[in-house]
Amino acid sequence: MEGDRQAVVNQKPNIHVEVCVKSYSTASPSDVRTHVVTLLKRHNIIFGNYRWTEFDEEFLQKHVESVVLVDLGVTPLDLEKCCLSIHIFTLNDDGPSTLTLEEDEELSAANHWLLPAAEFHGIWESLVYDGELKTQLLDYVSTTMYFSDKNVDSNLISWNRVVLLHGPPGTGKTSLCKALAQKLSIRLSSRYSYGQFIEINSHSLFSKWFSESGKLVTKMFQKIQQLIDDKDALVFVLIDEVESLTAARNACQSGTEPSDAIRVVNSVLTQLDQIKRHSNVVILTTSNMTEKIDLAFVDRADIKQYIGPPSVNGIYSIYLSCLEELMKCQIIYPREQLFTIFELETMGFAKSEVSEHSLYLRNIALKSKGLSGRALRKLPFLAHALFVKAPTVILAQFLVALDRAVDKQKEEKNNLVNGV
């Protein structure tokens with residue numbers, strides 16, 4: 001027992017290295033891995049998440065788009081003392097295709113992507129949440145795979161492969177589902193040849209023929225079953241605004257919802273119970289109104305995670321990433337230093353010539369509390385459009401414009417609430 005504890009203590013930290021290979025590359029994964037390992041040996045001490053997009057070595061220049069160290073946690077790190085998990089992948093440039101259910105009708109039931117998708121690339125990094133939320137979601141899916149591999153009896157220990165993200169609109173629930181699927185298709189690329197992502201159009205499954213909705217749900221899941229049958233594929237099914245498919249049956253039975261809704265709920269629950277037998281599928285769901293979801297569905301969700309508006313620190317990090325992007329594109333020019341919130345805290349938020357801009361940005365973040373992540377990401381654009389009105393701008397002037405844009409956004413939000 002003591003030896004086991006010591007083994008856990010001495011366990012090397014696991015570091016994920018994501019290697020995006022160029023779409024036209026003909027290099028073998030083993031050759032790519034060899035050259036990436038050589039690169040990492042030359043840069044073995046790492047401070048913070050690190051990304052290479054330019055390379056000195058000819059092979060990497062020719063074949064590799066980027067090498068990224070992700071989710072590092074506490075840094076600096078000595079990579080020689082870490083266990084490196086290298087994930088080699090190529091992005092799929094195809095956009096979504098449409099899944100239809102009936103040959104004689106153009107009934108758009110779902111959008112379908114092959115993963116990893118170029119369209120989803122970078123979403124994971126753009127989402128900012130407090131705590132270990134993203135890591136916990138990754139760990140959840142990894143555990144479902146591990147339990148399946150070990151043939152754990154699901155009658156004794158139950159898990160349904162269902163995640164429910166709930167909270168107010170604009171907090172990034174749908175984006176997080178897409179990013180989670182993308183990240184896992186990369187992390188598990190050695191196990192699955194590719195990923196499939198199906199985003200169900202809940203509203204289209206309510207047929208214009210009132211009594212057909214339950215049958216359409218069954219047909220939808222039969223299509224999904226065909227994808228799951230390919231054991232080389234990791235399949236993610238997103239049911240956005242799941243309350244529209246799983247309306248609470250007590251509301252239906254009291255007469256406030258049509259009886260067809262009862263058939264839909266029963267059909268969804270039946271299909272979920274069948275689908276959970278397969279180890280290569282994960283059901284991702286979102287809801288803005290959890291009180292409207294049938295309790296039997298809520299009970300089937302292994303994880304019920306609330307996604308709320310970002311904290312002040314989260315808002316600061318979102319703004320910081322936006323400003324770094326504008327400086328990279330030379331819309332804000334010249335580039336000037338901005339501190340992370342951790343660095344500001346370490347400095348005790350002391351005001352100085354070098355921290356002045358960062359402290360002003362934190363004040364803007366404090367003022368922005370209560371705005372959704374979706375609104376926050378739009379504000380730098382609105383600041384430029386409404387208050388800069390010039391191709392390039394210095395950082396100090398842009399911060400003033402951003403401050404004014406936040407005031408305008410909050411004023412508009414109040415006017416909407418008060419019906420002005």
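Predicted model: local features only at pLDDT ≥ 70, side-chain atom pairs only at ≥ 80, totals over all residues.
Entry 1: I started at Phe 349, which sits in the loop between H12 and helix H13 (356-367). Helices here are DSSP runs of H or I with at least four residues, strands are runs of E with at least two, and both are numbered from the N terminus. I looked up the backbone: phi of Phe 349 is near 55°, a positive value in a residue other than glycine. Most residues other than glycine have a negative phi, so I wrote that one down. Phe 349 counts as partly exposed, at 31% relative accessibility. (Buried is under 20% relative accessible area, exposed is over 50%, and partly exposed is in between, with a 1.4 Å probe and protein chains only.)

Residues are numbered from 1 along each chain as its sequence is written, and side-chain values use heavy atoms, with hydrogens and water left out.

**Entry 2: a glutamate with positive phi.** Glu 241 is not a glycine, yet has a positive phi of about 50°. I found Glu 241 in the loop between strand S11 (233-239) and helix H8 (249-253).

**Entry 3: cis peptide bonds.** Leu 115 and Pro 116 are joined by a cis peptide bond, with omega about 0°. Pro 116 is in the loop between strand S8 (108-115) and helix H4 (123-126). I also noted a cis bond joining Tyr 333 and Pro 334, again with omega about 0°. Pro 334 belongs to the loop between H11 and helix H12 (341-346).

**Entry 4: two helices packing.** Next I checked H11 (residues 312-328) against H15 (residues 395-417): they pack at about 135°, with axes 13 Å apart. The axes are lines fitted to C-alpha atoms over the stretch in contact, and angles run from 0 to 180 degrees between N-to-C directions. So H11 is oblique to H15. (Under 35 degrees is roughly parallel, over 145 roughly antiparallel, 65 to 115 roughly perpendicular, and the rest oblique.) Which residues of H11 meet H15? Tyr 319, Leu 323 and Leu 326 do, touching Leu 395, Phe 398, Leu 399, Leu 402 and Val 406. Contact means heavy atoms within 4.5 Å.

**Entry 5: the whole chain.** Of its 420 residues, 45% count as buried.
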